Amino acid sequence: MNQGGKQSNILQKTAILGLFVLVAAFSFAFVQTPNAQALTLIPPSFEASVDPGVPFDTQIKLFNETQSAVDLYPEVTTFTASGEDGTPTYDFSGEVPDIASWFSLPNGSVHLEAGERRVVPITITPPNDAEPGGHYATVFFSTEPPENSEPGSVSLGTKLGSLFLLRVFGDVEEKGSIVEFTVDEGSSLNRLPATFATRFQNEGNIHLRPTGSVVVKNLFGSTSAELVMNQNGGATLPDSIRRYETTWEKSTVEETPGNIWGNFWAEFRNEWNNFALGRYQASVSLTAGTGDLVKDSATLTFWVWPWRVLTLMFLILVVVVLAVIFGIKRYNHWILTRANQQ
């Protein structure tokens, strides 16, 4: 391929991927373009264990909620993780991935009348020499035939996709660990929320869904918060790192623009509603894999100094102390005056 062809191909991939990034969920989930708002595909993701050489039957349900008929063309492509937030990336370079041959789909298009529901049967047959571990594909249904997407062109058709996370039986290795545990806001905060970021690396050959908890203890060892880590059950693909965020927050923060004095009282309310004070220790413990085979933990410390609340409390304390001193002096003066009168 010449340089111009490569650039066009890259442009095509970039444009299509950008289109999907706008609508993709931040975990492996339902995928559709903005034009597909009235087309529904179930399930948005599918997970199964399969044997090499043994057919596995499943199905996808399509629902046309528009007022007109539509023809949808099936297509299979691989997906990988993009970045560390779990956003899937698809390869539409035109080369048919090997895993596409595992899927038996209807030939040609699937015709749906307005308001019609249709069940599409799918048979997955891994080859006898399929490698054990995770294999990942997306079954798309597009309003344009795949062969119409010429190199260098940009497809503007509607695409609905269902993610398939397949586990091929055999010598599957489940291995992973925490590579970093931090607080996004830094080691010293003025108030909550505190966002704990757990970066988990999958070192095996099958996707993992780490789950666990983040426990926050105060200076005296008492538990201040116990939070669920990876509440949505997001998966980490093999040979990748995924970042899971767990937030400790007592009340919704109302962000107010302005300088340190202009937004003093707004930030004072935020500090008051999300009050925490002193040194804290946060510990994350997670498990993943079959029988919780993968286990790991990490600990960090951080400080919270709500300086606006502390400053106002100090000023109030000073006023109270001065008032007490003034009151005592006045009382003593009254006692002396009354004694002299007697």
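Over which ring does the charged end of K159 sit? The charged end of K159 lies over the ring of F140, 5.7 Å from its centre. A charge counts as over a ring if NZ of Lys or CZ of Arg is within 6 Å of the ring centre and within 35 degrees of the ring normal. R117 likewise lies over the face of F63, at 3.9 Å from the ring centre.

The model is predicted: local features need pLDDT of at least 70, side-chain atom pairs count only at pLDDT 80 or more, and totals for chains, interfaces and linings use all residues. Residues are numbered from 1 along each chain as its sequence is written, and side-chain values use heavy atoms, with hydrogens and water left out.

Rings of Phe, Tyr and Trp (its six-membered ring) pair if their centres lie within 6.5 Å; planes under 30 degrees apart are stacked, over 60 edge-to-face, and the rest tilted. The count is 15 aromatic pairs. Y90 and F140 are edge-to-face, because their centres are 5.2 Å apart and their planes at 80°. Y90 belongs to strand β6 and F140 to strand β10, 50 residues apart. Strands are DSSP runs (E, at least two residues), numbered from the N terminus. Both Y90 and F140 are buried (under 20% relative accessible area, 1.4 Å probe, protein chains only).

Y280 and F302 are stacked, 5.7 Å centre to centre with 20° between the planes. Y280 lies in β18 and F302 in β19, so the pair ties together parts 22 residues apart in sequence. Y280 is buried at 7% relative accessibility, and F302 at 0%. β18 and β19 pair in the antiparallel sense over 11 bridges; pairing requires at least two DSSP bridges.

Methods:
Helix = DSSP H or I, 4+ residues; strand = E, 2+ residues; numbered from the N terminus. Buried < 20%, exposed > 50% of the residue type's maximum accessible area, 1.4 Å probe, protein only.
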